[in-house]
Amino acid sequence: MSERKSSQRFHSLNAEQVEVLHQVLSEVVPIHGRGNFPTLELRPRDIIIAVRARLQKQGITVRDVRLNGSTASHVLVRDNGTSYKDLDIIFGVELPSQEEFQVIKESVLGCLLECLPAGVNRERISSATMKEAYVQKMVKVFNEHDRWSLISLSNNSGKNLELKFVSALRRQFEFSVDSFQIILDRLLESYMQQESQHKMNAVLAESMYGDFEAAMDHLRYRLIATRNPEEIRGGGLLKYSNLLVRDYRPASETQIKTLERYMCSRFFIDFPDVQEQQRKILSYLKNHFIGEERSKYQYLMTLRRVVDDSTVCLMGHERRQTLNMITVLALKVLGEQNIIPNTDHVTCFYQPAPYLAEHSAPYLAEPSYCSYYIPQGGSTLLYQPYPLHLHPQTGLV
């Protein structure tokens with residue numbers, strides 16, 4: 001029974017899927033340098049092979065290399081409603097101690113150093129300098145249950161090349177549709193041997209959700225399913241709202257309300273302060289809506305609706321504070337895009353500016369308070385906008 005259950009996690013890619021995978025790994029990805037450092041034009045397959053070889057040379061065991069996340073989903077089902085940006089590569093490694101983290105970092109930066117243009121004096125460039133020039137983010141986790149590190153290489157258009165080195169990780173997916181990992185080793189070997197025909201029937205994918213075919217059905221038909229969202233950092237709340245915006249729907253309507261409550265509870269446990277919540281939401285918008293600016297408002301109002309409907313762990317004033325923060329972000333998005341919302345359901349109460357005939361210069365009035373009815377949210381909110389610049393005689397902006 002256990003062997004059958006294990007086999008249900010795996011699936012062989014067909015010829016079309018392998019060709020899409022080949023295109024993803026062979027497409028040139030620019031790694032943008034800061035300051036005077038040049039842009040490095042890299043193919044993911046080349047940097048993966050170079051990093052793996054260098055790690056092995058340094059004595060670090062590499063079990064396998066996998067393509068993870070939205071890019072893996074794109075390879076399996078191209079028209080799945082989600083766009084892939086980051087290229088998430090997982091190196092399965094052994095990390096018995098924290099000393100290996102330094103070896104990993106030096107190995108990645110050493111590979112980047114080798115990619116600098118001819119004529120550059122590499123001996124004068126330290127690894128610290130390479131890190132400042134080309135690394136956007138670096139994370140290290142080493143505890144009883146999780147041992148992994150992440151090195152994210154910079155790309156100005158948001159298509160970062162993210163190299164993750166995992167020895168142990170309790171939770172490797174948020175929802176079934178992002179639970180896929182494609183094992184790259186055999187394809188990488190064919191590149192190294194310069195085989196014209198990639199091993200079409202030898203590339204395997206695994207669903208960390210458990211049931212590969214069930215997860216594939218969720219991906220094909222845009223269904224939302226997960227297990228134990230309370231185990232996910234942030235509860236999967238932000239990703240869940242993103243899936244809703246992209247026309248995904250719950251696989252089970254009877255279970256989704258319970259799952260939403262778990263998502264909200266874990267989100268507010270991990271981010272209890274409204275400033276932390278705002279920073280996390282803004283970071284998510286920045287990383288997941290590049291080139292999709294006009295979807296931000298819909299996303300924020302969807303997030304607000306879920307928080308409003310399913311939050312049971314906050315005091316009343318904390319809940320209102322969070323809802324107001326999300327609403328202000330949504331209105332700011334509209335302002336940045338110069339979009340005027342439908343005003344059929346908007347009522348604004350404000351204190352008119354006093355008549356200031358004796359002054360000729362504009363004055364900064366005290367902030368007015370506006371009561372907005374947001375149709376998606378289903379309630380009226382008190383919103384304090386940025387201070388208004390008022391004309392001293394007419395009182396108009």
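This section describes confidence, nonpolar cores and salt bridges in a predicted model.

The chain has an average pLDDT of 84, and 80% of its residues score at least 70. Where pLDDT is low, predicted coordinates should not be read in detail.

The largest nonpolar core comprises 99 residues. Leu 21, Phe 91, Phe 165, Ile 182 and Leu 184 have the most contacts inside it. Helix α13 (residues 316-336) supplies the largest share of this core, 8 residues. A second, separate core has 5 residues, among them Ile 90, Trp 148, Leu 150 and Val 166. Beyond its neighbours within four places in sequence, Leu 21 contacts Leu 13, Leu 67, Val 75, Ile 182, Leu 184, Leu 187 and Val 203.

The structure holds 21 salt bridges. In one of them, Glu 189 pairs with Arg 52, with the closest N and O atoms 3.1 Å apart. Glu 189 lies in helix α7 (residues 185-192) and Arg 52 in helix α3 (residues 44-57), so the bridge ties together parts 137 residues apart in sequence. Glu 189 is partly exposed, at 31% relative accessibility. Arg 52 is buried, at 7%.

Asp 64 and Arg 66 form another salt bridge, at 3.2 Å between the closest N and O atoms. Asp 64 is buried, with a relative accessible area of 16%. Arg 66 is also buried, at 12%. A network of salt bridges links Arg 9, Asp 64, Arg 66 and Glu 206.

Asp 309 bridges to Arg 305, with a closest N and O separation of 3.7 Å. Asp 309 is partly exposed at 46% relative accessibility, as is Arg 305 at 25%.

Terms used: Residues are numbered from 1 along each chain as its sequence is written. This is a predicted model: local features need pLDDT of at least 70, side-chain atom pairs count only at pLDDT 80 or more; totals for chains, interfaces and linings use all residues. Side-chain values use heavy atoms; hydrogens and water are left out. pLDDT is the predictor's confidence in each residue, from 0 to 100. A nonpolar core is a set of buried Ala, Val, Leu, Ile, Met, Phe, Trp, Tyr and Cys residues joined through side-chain atoms within 4.5 Å. Buried means under 20% relative accessible area, exposed over 50%, partly exposed in between (1.4 Å probe, protein chains only). Helices (H or I, at least four residues) and strands (E, at least two) are DSSP runs, numbered from the N terminus. Contact means heavy atoms within 4.5 Å. A salt bridge is a side-chain nitrogen of Lys or Arg within 4 Å of a carboxyl oxygen of Asp or Glu.
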